[in-house]
Amino acid sequence: MATNDERPGAPRAITELLHTFRAVADAADEGLRERKKRLMRQQISDTATMLFLERGFDAVKVADVAAACDVSEKTVYNYFPTKESLLFDRTDHVAERIRESLRDRRDGRPLAWAAHDVLVADFDDLHGFWVHAGDAVVLSFMRRFGELVEQTPSLQAAQRDMFERLVDVAAAALAERAGVSPDDPEPQMAALAVVGIWRVQFGAMRRHVADVSSVAELRDAVLADVLRATRIAEAGLNSFDAAIARVGAKQGLREAADAMNDARRQVVAAVRQAREAWRQVADHLHEDVPGAHARHEGKLHGQRLRQEAMRDAQARQTEAQRAKQAKRRSGR
């Protein structure tokens with residue numbers, strides 16, 4: 001039987017772990033004002049986490065968190081827009097890491113593996129915190145955290161909202177990279193693949209923490225799942241990479257389409273000219289022109305007008321066909 005201090009969610013175990021997070025974070029290079037704000041935010045989140053794990057999420061009010069931190073309830077909401085965000089306090093951090101992974105560095109690195117590398121680097125930062133805290137504390141905390149989320153519908157809904165927000169962030173970054181709208185199908189689908197890799201990481205942590213006996217085992221199991229997920233996502237993200245490579249040809253496609261439309265308009269104009277020429281010839285031939293020679297000259301004149309109009313129409317039709325072929329070649 002575990003002692004009171006050893007049971008998952010015990011105050012001392014959680015305090016040791018969260019103090020370790022703060023000790024590592026204190027080394028960050030930042031100004032005094034930024035450091036105070038960061039530490040206040042961390043204190044509020046840490047206190048809320050301890051209260052949630054001890055009493056249950058629904059049993060704790062935001063006012064309870066504020067009182068435990070000796071701040072006003074308004075101060076808590078200044079840092080965290082919702083009660084659920086007190087627990088999911090790394091969402092902004094993860095969103096920024098996703099943006100970073102999708103930034104175009106012009107190094108030819110495939111999207112899937114760029115996302116993978118940033119995720120692994122972020123996970124290894126967490127692993128560094130865990131090593132300082134120790135296996136027993138970390139595993140107990142993570143097991144209790146997973147149970148809390150699984151047992152609380154509002155936290156499950158908040159987690160789904162978090163992933164939707166991350167998809168929006170990824171789609172915006174991919175759209176900027178490709179020069180298209182975030183609402184286009186390509187960045188939307190690619191964003192789902194990128195965020196899917198992170199989602200696998202979160203799920204793997206909850207799943208494997210129940211079976212491992214050390215932080216090192218947990219790290220290896222989680223990153224093995226992330227690697228498998230990245231390999232699956234690679235094909236789709238490579239297709240997006242290929243689409244980006246063709247973005248430069250879009251201007252050529254547009255110009256070819258414009259040229260084809262111009263040629264089509266010219267053909268229509270030539271046909272109209274031919275019809276007008278025929279009308280003039282018909283009117284001329286119906287006039288009372290004395291002598292066969294005059295009628296013959298009128299007929300020859302009409303034939304010349306018709307031939308010139310047809311040659312002009314054929315030339316414009318050929319130009320339109322060439323423009324159409326150029327568009328097809330550019331789209332390959």
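Helices here (H or I, at least four residues) are DSSP runs, numbered from the N terminus. Axes are lines fitted to C-alpha atoms, for helices over the stretch in contact, and angles run from 0 to 180 degrees between N-to-C directions.

The model is predicted: local features need pLDDT of at least 70, side-chain atom pairs count only at pLDDT 80 or more, and totals for chains, interfaces and linings use all residues. Residues are numbered from 1 along each chain as its sequence is written, and side-chain values use heavy atoms, with hydrogens and water left out.

**Helix packing**

Two packed helices are described by the angle between their axes and the distance between the axes.

| Pair | Axis distance | Angle |
|---|---|---|
| H7 (residues 135-150) and H8 | 6 Å apart | about 95 degrees |
| H5 and H8 | within 9 Å | roughly 25 degrees |
| H5 and H9 (residues 185-208) | within 11 Å | roughly 135 degrees |

Angles under 35 degrees count as roughly parallel, over 145 as roughly antiparallel, 65 to 115 as roughly perpendicular and the rest as oblique.

Take H7 and H8, with an angle of about 95 degrees. H7 is therefore roughly perpendicular to H8. Leu148, Val149 and Glu150 of H7 make the contact with Leu155, Gln156 and Gln159 of H8. Contact means heavy atoms within 4.5 Å. This contact has three nonpolar, two polar and one charged residues. Ala, Val, Leu, Ile, Met, Phe, Trp, Tyr, Cys and Pro count as nonpolar, Asp, Glu, Lys and Arg as charged, and the others, Gly among them, as polar.

H5 and H8 are roughly parallel to each other. Their crossing is right-handed; that is, the near helix is turned clockwise from the far one by less than a right angle. From H5 come Thr91, Asp92, Val94, Ala95, Ile98, Arg99 and Leu102; they meet Met162, Arg165, Leu166, Val169, Ala170, Ala173, Leu174 and Arg177 in H8. By class, there are ten nonpolar, one polar and four charged residues in the contact of H5 with H8.

H5 and H9 are oblique to each other. H5 passes H9 in a right-handed crossing too. Val94, Arg97, Ile98 and Leu102 in H5 meet Val194, Val195, Trp198 and Phe202 in H9. The contact of H5 with H9 has seven nonpolar, no polar and one charged residues.

**Second largest pocket**

A pocket is an open set of points on a 1 Å grid over the protein atoms alone, where a 1.4 Å probe fits, with protein on both sides within 12 Å along at least five of seven lines; lining residues have an atom within 4 Å of a point. The second largest pocket holds about 320 Å³ of space. It has 15 lining residues, and Pro81, Thr82, Ser85, Phe88 and Thr91 are the closest to its centre. H5 (91-102) and H8 (153-178) each supply at least two residues of this lining. H8 gives the most, with four residues.

Methods
Points joined across faces, edges and corners; volume = space filled by probe spheres on them.
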